[in-house]
Amino acid sequence: MDLYQEAVLYLETQDVPVETGAAMETGVLEEDVPLEELVSPLLSQSMDFPAIPKSCSPEEMLERRLVVLKGIVECEEVYLSELEALLMPMKALRASAGTSQPVLSSQQVQTVFYQVPELRDLHQSFYSALKGRLSETSHMGSELAVGDLFLKLVNQIGLYGGFIENYEEAVAIVGKCTQSDPRFRTLAERMMSNNTADKARAKYTFEALLYKPLDRVTRTTLVLHDLLKTTPADHTDHVALQEALRLSRGFLSGVNESSQSKREVMLSHGLRRQLMRDGFVVDVSEGERSLRHLFLYTDLLLCTRFKQATRGKQDQYRFCWYLPLAGLKLGWSSDHEPDTRLQATRTKMFLLRQQLQQQAGSRGLMVAARTRKKLEQTELMLLTQSPLFRLELHSPSGKSHTLLLPSLYELEEWREAVHKLTTQNIETVPPDLLTLTCTCVKLRMTQQPPLQSSNPENEASLCGTLSVAVHSACGLQQPACVYVCLEVDGYEFYDKQAQTHSSVHSINPQWDQELSLQVDGAQNLRVVCVSQSDGHEDAVLGKTALRLESKSLSKRWRRQTLQLGPVEVTLSLRYSPHPLEPPSSTAPQLPIFCVPIETVAQQEGALVPLVVRCCVEEVERRGLAEVGIYRISGSASEINTLRAAFDSNLREAVTRLRSLEVNVVSGVLKLYLRELPESLIPSELFHSLARTLDIQDMNTRLVSMLSLLQSCPDTKRCTFLYLMHHLQRVSERQHVNKMTLLNLATVFGPSLLRPPVAVNISQEVVVQVQVVYCYLQCNNLPEAQISMPHDPEEDEETTHT
């Protein structure tokens, strides 16, 4: 399908309602449209637009402008309704993919709906912002500014590139399944759209709905052209709309020039090289970091240096390196520890943005422009220096390159795209590097580096504290040690990522861990589920992105279940809006060692402190077969280093656990319990528990001991029970680790139960050991509650995404 023809078709039928146009109903265009004769004039127009007739007064022009804008809003309503109708069956088809008789496979579902949720979110944001601006306008529009909204929309128009590349394959799947599967045919025939413009419901075929984004991307240039014609040259929007139109034309022209070849470059012997993905990454060479534009073709990766256009010239790319995909090996890792020098850069960014906000209301446009330029340069520096996720590329020829990406989500998207191609039978044709590099300007889908400072302010974005409580996951095919990584967008004044600790080896992992992120300008939350592996590369099990909307978030927890590929992750969200402090003045983490356990639990929002859960889960992950676990001590210096990490940087401590000897981890747990100001079992119960040891009947003794345990404070009781269940699991492997229940009671007894006043140490130690030993022998110990108890009214409704 040729997008030149689509533009012409729209010009010829723009007065025809969308639902009645033949092309809109069938998704098929006429094949005999005279291509060059009809379309070239549209896309070759210069930036010198015809002057507005002198007979048209400024008031009349602004009135026409307002009519155009209202028409755009109505069209967006219809388009959003169509996208919602297209997405409606996605959830059911995705659920069916995991059954024994799927309607579509998971891969087919991904292909059919590729980029559609992202397009829906993009236009929903644009529509809400534009409608809000219009609703606030009570005059002819002389001061109504919307250019920033159109410029932001066009800056993200590259999303359509992926949809266009995927369109024919999606339509082929829909056509084939409609013919072969009556279940799919029934589903496809019942697709309805709430046409909010006409207050009616419209019926579509699946293919017709898939056509809608193709129709919409051609309209962008035409709509901008109409809007600019009704915008006076001295209007504040004029420059922004000119730039938006230039970018839109460039994108549409690039798509149309390669529409028949699907973003392909002709090679010798009739072969074609197709562009699959592109974007900005950080290239590491000899320790130096450089921002590069990476292009993924069907048979190779091309790394280029972007040279932005100066006035009167076109953007250019300079060749850096390339790697054939045949035999290419990929590996990824995380540096974990960010560069502490970045704190100064983040603080500078924060202060520059504050200055820019203060200057926004003044008339000093030149001053504001200089501040914005400084802010963009500082963010560009941060974009180059802050990425932590490493993608290693190793070619059979011996050439290797390291790329850094700012998020695990983005890294996985690149890895998936490359892996999909490398699993095919690739024949690399030696590239003409000069021609290929020059062609990138026309083929690219990403126009600019992803700078937040270059985007207009969005009132719907979040500023404050976003808290995410990660509860559990299900859907794993086999037991694994799993962690969840959270990532937010917006300004990088603060850490944009947070990660749970790794779960124990389980098919239904549980964390009940609360993570907090300071956000400014955040609009999206990305969730990645990762399986941890010893000595091997971690495996991403699934990922998803969640749109953050302040109207749907509040200070009360809202529970949600997210689908991450085959895995379902349950979490809760809450959001507290508030002004943010400069990054350098953020409060340091409060210590946890030698602090009452109730205080630590209150800080973390859990009944069992994270240090206990992290150490227990790490021991269960790789220490159950360790001979003398908990009896043999680890290195004292490493134990003290890990202790300091837990006191100062919880994220760093959780990361360190993985690389340390397991006896160091067990030593930190023992140290934490030993240094508690009060033992888990309160001292006032010492003598009562000592007397229960005189009860001869074991069952009666345990009933009495459990009754005494119920009188303990919630945090101490739950942590004690959590630890008892863990030690019972350790003892189940005593044939390997040589640690019986009595051995474990001997190690932990003196830390878990202390006398009010030390009198006879030898006798008191016997009581301490025997009491813990009795609890460990109990087969019906209550389960430990980890999460803080709360009022059910504090939770909002549960949603499934």
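Does Phe593 count as buried or exposed, and at what relative accessibility? At 4% relative accessibility, Phe593 counts as buried. The legends below place this residue and others in a predicted model.

**Figure 1. Overview of the predicted model.** The protein has 801 residues, of which buried residues make up 52%. Its secondary structure comprises 27 helices and 19 strands. When contacts between residues at least 6 apart in sequence are considered, 73% join residues at least 24 apart. The protein exposes about 37600 Å², and 51% of this area is supplied by carbon and sulfur atoms.

**Figure 2. The aromatic pair of Phe350 and Phe493.** Across the whole structure, a search finds 13 aromatic pairs. In the pair formed by Phe350 and Phe493, the arrangement is edge-to-face, with 5.2 Å centre to centre and 80 degrees between the planes. Phe350 belongs to helix α13 (residues 342-359), whereas Phe493 lies in the loop between β12 (481-488) and β13 (497-499), so the pair ties together parts that are 143 residues apart in sequence. Both Phe350 and Phe493 are buried.

**Figure 3. The aromatic pair of Phe593 and Tyr672.** These two rings are also arranged edge-to-face, at 5.4 Å centre to centre and with 90 degrees between the planes. Phe593 is found in the loop between β18 (567-577) and α17 (597-604) and Tyr672 in helix α21 (residues 662-674); the pair therefore ties together parts that are 79 residues apart in sequence. Tyr672 has a relative accessible area of 0% and is buried, and Phe593, at 4%, is buried as well. The loop between β18 and α17 also holds Cys594. Cys594 is partly exposed, with a relative accessible area of 44%. Its phi is near 65 degrees, a positive value in a residue other than glycine.

**Figure 4. Helix α13 and its buried residues.** The helix contains 18 residues and reaches 26 Å from its first C-alpha to its last, close to the 26 Å expected at 1.5 Å a residue. Its buried residues include Leu342, Thr345, Met349, Phe350, Leu352 and Leu356. Arg346 and Arg353 are also among the buried residues of α13. An α-helix has 3.6 residues a turn, so residues three or four places apart point the same way.

**Figure 5. An aromatic cluster and two charges over rings.** Ring pairs link Phe280, Phe295, Phe306 and Tyr317 into a cluster. Elsewhere in the listing of ring contacts, Arg277 lies over the face of Trp414, at 4.8 Å from the ring centre. Lys543 lies over the face of Tyr409, where the value is 5.4 Å from the ring centre.

**Figure 6. Nonpolar cores and the surroundings of Tyr775.** The largest nonpolar core has 72 residues, of which Phe646 and Tyr775 touch the most other members. Leaving aside its neighbours within four places in sequence, Tyr775 is in contact with residues including Ile681, Leu689, Met705, Leu706, Leu709 and Phe720. Met724, Gln728 and Leu781 are also in contact with Tyr775. Another core, of 34 residues, lies apart from the largest one; Leu87, Met90, Val109 and Phe184 are among its members.

**Figure 7. The loop at Lys738.** Lys738 is placed in the loop between α25 (734-737) and α26 (741-752). Although Lys738 is not a glycine, it has a positive phi of about 65 degrees.

Terms used. Residues numbered from 1 in each chain as written. Predicted model: local features only at pLDDT ≥ 70, side-chain atom pairs only at ≥ 80, totals over all residues. Heavy atoms only, no water. Phe/Tyr/Trp six-rings, centres within 6.5 Å; stacked < 30°, edge-to-face > 60°. Helix = DSSP H or I, 4+ residues; strand = E, 2+ residues; numbered from the N terminus. Buried < 20%, exposed > 50% of the residue type's maximum accessible area, 1.4 Å probe, protein only. Lys NZ or Arg CZ within 6 Å of the ring centre and 35° of its normal. Contact = heavy atoms within 4.5 Å. Areas by Shrake-Rupley, 256 points an atom, 1.4 Å probe, with all protein chains shown as cover. Expected span 1.5 Å × (residues − 1). Core = buried A, V, L, I, M, F, W, Y, C linked by side-chain atoms within 4.5 Å.
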